[in-house]
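Subject: Structure handover

Hello,

Here is the structure you were going to look at. My notes come after it.

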2 protein chains.
Amino acid sequence: MYDLNFREENRISGEEDSSVSELVCKTLFAWEEAVSPHLAAERESGGVVGDSKVIETLGKCLRDGLESEIERGKREILCIVETAGGVASPGPSGSLQCDLPFRLPGILVGDGRLGGISGTISAYESLKLRGYDVVAVVFEDHGLVNEVPLMSYLRNRVPVLVLPPLPQDSSNDLMEWFDESHNVFDSLKNIMLLAYSERIQRLCDMPKRAGELFWWPFTQHKLVPEEAVTVIDSRCGENFSVYQDQKNKFIGQQFDACASWWTQGPDATLQIELARDMGYTAARFGHVMFPENVYEPALECAELLLQGVGKGWASRAYFSDNGSTAIEIALKMAFRKFSFDHDVLVDFLGKDTTEKCVELKVLALKGSYHGDTLGAMEAQAPSPYTGFLQQPWYSGRGLFLDPPTVFMYNSKWILSLPELLYSEIVEHKDIMVRHCSTVVHAAGGMHMVDPLFQRILVKECQNHKIPVIFDEVFTGFWRLGVETTADLLGCVPDIACYGKLLTGGVIPLAATLATNAVFDSFVGDSKLKALLHGHSYSAHALGCAAAAKSIKWFKDPQTNHNIIPERRILREFCIAKVDINHCTPIYVVKNLVHAATLVDDKLWDLDLIQQISSHRTVQRVVALGTLCAIELQAAGCNAGYGSLYAASLLKKLREDGVYMRPLGNVIYLMCGPCSSPEVCSQLLLKLYQRLEEFDKVEEKLKSC
Amino acid sequence: MYDLNFREENRISGEEDSSVSELVCKTLFAWEEAVSPHLAAERESGGVVGDSKVIETLGKCLRDGLESEIERGKREILCIVETAGGVASPGPSGSLQCDLPFRLPGILVGDGRLGGISGTISAYESLKLRGYDVVAVVFEDHGLVNEVPLMSYLRNRVPVLVLPPLPQDSSNDLMEWFDESHNVFDSLKNIMLLAYSERIQRLCDMPKRAGELFWWPFTQHKLVPEEAVTVIDSRCGENFSVYQDQKNKFIGQQFDACASWWTQGPDATLQIELARDMGYTAARFGHVMFPENVYEPALECAELLLQGVGKGWASRAYFSDNGSTAIEIALKMAFRKFSFDHDVLVDFLGKDTTEKCVELKVLALKGSYHGDTLGAMEAQAPSPYTGFLQQPWYSGRGLFLDPPTVFMYNSKWILSLPELLYSEIVEHKDIMVRHCSTVVHAAGGMHMVDPLFQRILVKECQNHKIPVIFDEVFTGFWRLGVETTADLLGCVPDIACYGKLLTGGVIPLAATLATNAVFDSFVGDSKLKALLHGHSYSAHALGCAAAAKSIKWFKDPQTNHNIIPERRILREFCIAKVDINHCTPIYVVKNLVHAATLVDDKLWDLDLIQQISSHRTVQRVVALGTLCAIELQAAGCNAGYGSLYAASLLKKLREDGVYMRPLGNVIYLMCGPCSSPEVCSQLLLKLYQRLEEFDKVEEKLKSC
């Protein structure tokens with residue numbers, strides 16, 4: 001009976017010095033009736049026992065045990081956690097035991113009876129499907145040599161041990177049987193110890209090996225000493241399990257607050273669902289050729305995209321591997337559409353197609369970023385990423401506008417208008433129409449571009465038959481509180497790009513959606529008129545299956561409790577009122593009307609956001625959907641992309657279990673579409689507390 | 001007892017007209033002893049029964065049954081295949097039953113006893129991990145309400161049915177129990193029929209839906225009518241399961257002879273191993289942030305790359321998503337290295353880094369192709385892919401050489417030298433050193449560039465401190481019979497790119513390897529000096545885990561029987577003697593020495609290759625490693641990329657179960673590194689036969 005029938009026994013081994021070898025057994029949960037624990041708990045305890053209770057009780061037991069043993073002078077302690085029932089038996093809450101996030105290395109107790117080969121293999125696979133490592137399989141011999149097919153299945157990579165048959169008569173406490181089994185248990189213990197020491201040794205060595213072999217992207221290796229390397233043992237939902245303390249060999253949890261470069265969305269449940277889907281899809285399809293073919297995951301994914309983010313405007317889905325390639329494809333689509341609409345290509349097939357007809361440029365926003373490949377880079381304004389040092393071939397083939405932005409400062413939302421905004425557009429209108437084929441949209445990044453400005457720009461371009469691309473690689477799929485920012489802007493594009501959260505954050509896949517009009521500009525009698533762009537793994541089955549699952553998961557109120565289905569927004573979504581002091585009157589009136597329809601609900605706790613925005617270390621805050629970005633007050637070399645200003649602050653936050661990454665002097669918290677507001681508030685609180693500390697240190701530095 | 005104890009019984013139902021409802025039971029395999037079938041088969045039949053025997057017997061039984069029933073006027077026949085034992089019990093060969101490639105929709109008979117929840121869930125997961133669809137779960141009631149947790153686990157997407165308890169006394173042939181169970185069995189039958197009809201309906205609808213929603217890459221949609229769309233139900237190793245016949249609802253096998261755009265390598269066994277690894281890795285890691293972090297799959301993958309394809313020269317692994325991005329990264333590395341070595345960048349950090357220092361170009365080979373993104377395209381010579389129609393921003397930033405190529409014609413290997421080869425290099429040497437930073441290497445594609453020429457070019461560049469990039473995206477990992485073409489060329493690059501077969505063909509991942517000297521040109525005190533290029537899913541865990549498994553699998557003689565380990569080549573690898581008639585003497589002598597060391601073993605059956613190369617429809621053949629490419633004799637609009645000349649030939653081959661794709665008038669067969677030479681020979685034979693037919697049709701057309 002739960003918690004009441006808590007038994008504990010100590011048994012001292014045959015050896016004389018009890019400090020050398022002692023066995024301590026604790027039973028954490030037990031019930032009277034031989035039924036599944038969730039039934040027993042319900043019947044006997046008057047209610048289920050929650051997973052958090054089980055995890056907490058086990059954690060406390062392990063910690064207390066370790067501490068008391070260390071106090072008693074023990075140096076080596078071997079803890080074994082035994083579960084009862086099968087690996088996928090419900091625990092006392094009804095959750096499957098294998099779904100509890102322990103990820104301790106396991107010994108699988110198999111089955112030597114008839115049918116036991118199948119049962120043991122399937123149990124092993126259920127553990128693997130939850131990221132568990134099995135270091136050995138052991139079972140009772142029933143004379144059926146089940147070990148032979150098991151070892152063959154395991155390709156001898158996991159040892160299989162066989163215990164002698166249990167005697168029918170257990171009157172002498174099985175002492176004879178234990179004698180007979182001694183060697184097997186000894187081997188098991190040695191296997192466990194060896195697996196443990198090898199695992200820890202590998203974890204210890206990993207930072208050094210990583211520093212020697214990896215070439216990390218966007219990383220100055222000279223600034224990453226061995227001790228700064230994070231060793232990630234696993235992830236569970238939004239959290240990393242990090243091997244933190246080289247001395248105490250401690251694995252701790254860190255909230256992945258950079259969403260691993262903005263890709264992450266799954267909670268722990270979705271992650272396990274995706275794992276099963278990845279296994280199934282790899283087994284059923286692996287990867288198969290896409291062009292001129294159709295297979296279920298690709299079709300389902302395309303249907304969901306066109307009924308979801310593309311609803312009301314898009315007719316075609318073009319798949320690629322990442323945001324950057326999705327943008328390159330979008331640009332090619334836009335070039336063609338513009339060229340056809342503006343008679344740039346007349347009777348092109350008769351001409352030498354290598355001949356330049358006209359120079360095409362994009363109209364894009366300063367500060368936007370659309371990927372790292374050359375084509376995507378050409379569509380962004382000059383920046384540290386585009387200089388000769390990084391990309392000697394960059395020339396910047398666009399007209400780049402300085403957009404109005406929205407942010408919170410000192411508890412108020414501010415609309416910041418660049419001086420020359422309108423005159424700039426008017427002045428260049430002629431060029432825009434003749435030379436620019438696209439508008440690249442950037443609601444994301446860490447600046448929030450005013451939605452009304454974007455809408456006006458989009459409509460203006462479309463009036464002049466300039467195709468508009470929405471770069472939703474970052475912003476799509478609820479990142480900003482809506483499934484697509486088209487909902488936020490009140491207008492639709494001709495072409496849009498998706499990536500990152502598209503697959504829930506498990507695997508790379510990108511999609512470029514387009515209208516039928518765009519598609520039609522590639523239709524003709526010759527293959528040479530088709531869009532000749534495609535990557536080897538176009539529409540790969542695993543990516544499409546992950547996307548199909550995630551798209552449905554995020555918008556289903558049964559699986560995502562943050563969804564307000566009737567309004568198609570996340571409950572943490574919010575745009576607040578805009579301060580009119582910084583704007584020209586007409587502009588603001590329009591904007592207020594628009595924004596007012598969105599003022600709403602709780603997001604990241606509004607009080608805390610306001611407090612942070614009023615903090616003396618903070619220059620601006622943008623909190624929208626799953627994102628909360630904070631620009632720190634900084635000047636000189638402390639500002640900008642190369643700045644290391646935030647490093648000390650973020651180091652402290654990692655000690656608090658919050659894994660953040662800086663963009664120069666901008667820091668951000670990012671949760672998943674399913675993350676609970678409670679977790680978000682805890683993150684904000686920790687951040688606020690560390691800002692206070694950071695402020696004091698900075699003050700001290702200044703006064704020195 | 002196998003095949004001897006073959007029992008058959010017919011039982012007519014209670015209804016009067018036996019043609020309406022009749023039950024026919026056949027037992028295909030049975031043994032006396034109640035042990036695992038592989039043991040029983042060994043003991044009772046004097047040897048195991050092979051998987052092919054089981055598949056063949058079952059197939060024959062189903063076909064015969066269907067035919068005889070159709071003859072007897074039946075219109076609707078429901079076939080059920082029942083397996084005995086657990087889903088992962090060994091079959092009569094020792095292979096697990098679930099590993100036999102049937103992929104029929106299944107009903108899982110679960111377990112209503114204590115422990116049955118776990119056993120049923122695990123069995124379900126073992127089926128999913130092999131790509132099986134389960135349409136219902138059914139079990140005998142033992143009063144433990146196992147259906148509740150099972151339905152919760154299945155999220156109500158799969159119905160769970162409960163049969164009444166079997167009576168202890170079965171003396172009356174269970175007739176009462178059958179009466180009681182009638183409703184459940186009726187429901188099961190309806191579920192099966194519904195699942196079948198829904199599945200077939202979906203398969204029927206798929207071509208139309210695909211034509212409406214997809215935008216296939218490299219595809220002129222106007223040339224792909226609905227009936228030309230291939231519906232792929234699944235893949236197993238090298239074969240597609242294709243829903244072929246809309247009338248007879250037939251699913252047939254096609255060998256994926258284009259290796260799904262050159263990505264595929266797994267045999268059926270590796271595919272299932274990868275499926276389990278994908279499930280495990282998604283559960284353990286999902287995707288986690290790469291920069292400044294380390295986690296096991298990324299580290300293991302980097303180690304295997306640097307000890308394998310990078311052995312002896314590479315020190316660092318840079319991960320990205322596809323070949324095109326790997327090339328863009330390689331170019332950025334090469335630009336920096338060249339700039340540093342040639343003092344192009346002096347005190348760069350003090351200057352405005354957007355300022356152009358010098359125009360950098362690449363030295364590359366005509367006809368080579370390195371990907372579709374703009375940067376990668378700039379490194380290739382003008383082609384149909386680069387014209388204004390496709391890529392208005394392309395300018396072709398390189399010096400493009402016309403290389404000597406090797407091919408077979410009329411049963412002889414020919415070395416074809418372009419006239420101006422040497423003078424061209426000498427003439428441009430000065431420009432090359434000053435303006436070109438890289439040599440892009442292309443051993444692959446469908447032309448085989450002479451290896452000796454490549455080696456000379458590589459050495460010449462390296463002598464002038466021009467960094468050399470090997471584009472091994474296509475050629476790497478045994479595609480051409482060696483793990484890396486560095487082995488074939490006898491020289492090493494400074495930078496090399498890998499993709500496609502890197503993951504065994506299951507998931508996109510790419511890697512750019514580099515020497516320490518290249519890496520060092522990015523090391524400094526500022527982040528701005530680092531290589532600022534990275535995709536969201538850099539070094540994603542699933543890709544790295546798939547790569548680690550595949551790299552080891554392909555080179556292990558235990559898992560890949562084609563490997564000759566002591567020589568590190570595939571047994572089908574071959575370069576034959578070169579005909580000296582077409583070359584200058586010195587050049588050829590050297591080449592013969594080199595080639596002679598490789599003349600070897602059997603590849604694609606040499607006799608057949610020679611026959612094909614002598615065929616009047618064939619212009620040239622290149623057979624090397626896993627590739628056999630054939631250029632058809634063609635002129636005018638029948639030649640070149642846009643040609644549809646091969647379409648009728650390939651259509652016929654699909655009827656033969658060979659899925660090939662054309663590159664204009666070039667067609668090719670591609671197998672996996674583990675494919676058996678027997679399979680390759682069958683493919684060649686089918687191709688030869690269809691060439692004969694094609695020839696006759698072409699002749700007829702000409703004479704008309």
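What follows is a summary of what was found, going from the whole chain to single residues.

Please keep in mind that this is a predicted model.

**Overall**

Chain A has 704 residues, and 59% of them are buried. Its secondary structure consists of 20 helices and 26 strands. The accessible surface of chain A is about 28,500 Å², and carbon and sulfur atoms account for 53% of that area. If you take the contacts in chain A between residues at least 6 apart in sequence, 67% of them join residues at least 24 apart.

Chain B can be superposed on chain A by a rotation of 180 degrees with 0.0 Å of shift along the axis, at an RMSD of 0.1 Å. The two copies are therefore related as by a two-fold axis. Both use the same surface for contact, since 100% of the contact residues of chain B recur in chain A.

One open sheet has 5 strands in the order S9(A)-S6(B)-S7(B)-S8(B)-S24(B), and its pairing is mixed. Its edge strands, each pairing on one side only, are S9 (293–294) of chain A and S24 (658–659) of chain B. At the S24(B) end, strand S8 of chain B (residues 250–256) runs parallel to S24(B), and 2 bridges join them. Asp256(B) has Tyr659(B) as its bridge partner in S24(B).

S6(A) and strand S9 of chain B (residues 293–294) are parallel, with 2 bridges. Thr230(A) is bridged to Asn293(B) in S9(B). Within chain A, S6(A) pairs with strand S7 (residues 239–245) in the antiparallel sense, over 5 bridges. Cys236(A) has Asn239(A) as its bridge partner in S7(A). S6(A) and S7(A) make a hairpin with 2 residues between them, and Gly237(A) in the turn has a positive phi of about 60 degrees. Strand S6 of chain A is mostly covered, with 6 of its 7 residues buried.

**Salt bridges**

The count over all chains is 66 salt bridges.

- Arg235(A) and Asp256(A) are joined through their side chains, with N to O at 3.0 Å. This pair links distant parts of the chain: Arg235(A) is in strand S6 of chain A and Asp256(A) is in strand S8 of chain A, 21 residues apart. Arg235(A) and Asp256(A) are both buried.
- Lys337(B) and Asp341(B) form a salt bridge at 2.5 Å, N to O. Both lie in helix H9 of chain B (residues 323–341), 4 residues apart, which is about one turn of the helix. Lys337(B) is buried, at a relative accessible area of 14%, whereas Asp341(B) is partly exposed at 28%.
- Glu699(B) and Arg616(B) form a salt bridge in which the closest N and O atoms are 2.7 Å apart. Here too the pair links distant parts of the chain: Glu699(B) is in helix H20 of chain B (residues 677–703), and Arg616(B) is in the loop between helix H18 (606–613) and strand S22 (618–624) of chain B, 83 residues apart. Glu699(B) is partly exposed, with a relative accessible area of 32%, and Arg616(B) counts as exposed at 54%.

**Single residues and a surface patch**

Lys500(A) has a positive phi, near 40 degrees, although it is a residue other than glycine. Lys500(A) sits in the loop between strand S18 (495–498) and strand S19 (510–514) of chain A. Lys500(A) counts as buried because its relative accessible area is 12%, and buried means under 20%. In chain B, Lys500(B) also has a positive phi near 40 degrees.

Leu66(A), Ile70(A) and Ile77(A) make a nonpolar surface patch of about 240 Å². Ile77(A) belongs to the loop between helix H2 (51–71) and strand S3 (106–109) of chain A. Ile77(A) is partly exposed, with a relative accessible area of 33%.

Regards

Note on methods:
Residues are numbered from 1 along each chain as its sequence is written. Chains are lettered from A and ligands numbered from 1 in the order in which they are written. This is a predicted model: local features need pLDDT of at least 70, side-chain atom pairs count only at pLDDT 80 or more; totals for chains, interfaces and linings use all residues. Side-chain values use heavy atoms; hydrogens and water are left out. Patches are made of residues with over 30% relative accessible area and no salt bridge: like charges are joined within 9 Å, nonpolar side chains (Val, Leu, Ile, Met, Phe, Trp, Tyr) within 5 Å. Accessible areas come from the Shrake-Rupley method with a 1.4 Å probe; for residues, only the protein chains shown count as cover. A salt bridge is a side-chain nitrogen of Lys or Arg within 4 Å of a carboxyl oxygen of Asp or Glu. Buried means under 20% relative accessible area, exposed over 50%, partly exposed in between (1.4 Å probe, protein chains only). Copies are superposed by least squares on the C-alpha atoms of residues with pLDDT of at least 70 in both. Contact means heavy atoms within 4.5 Å. Two strands pair if DSSP finds at least two bridges between them.
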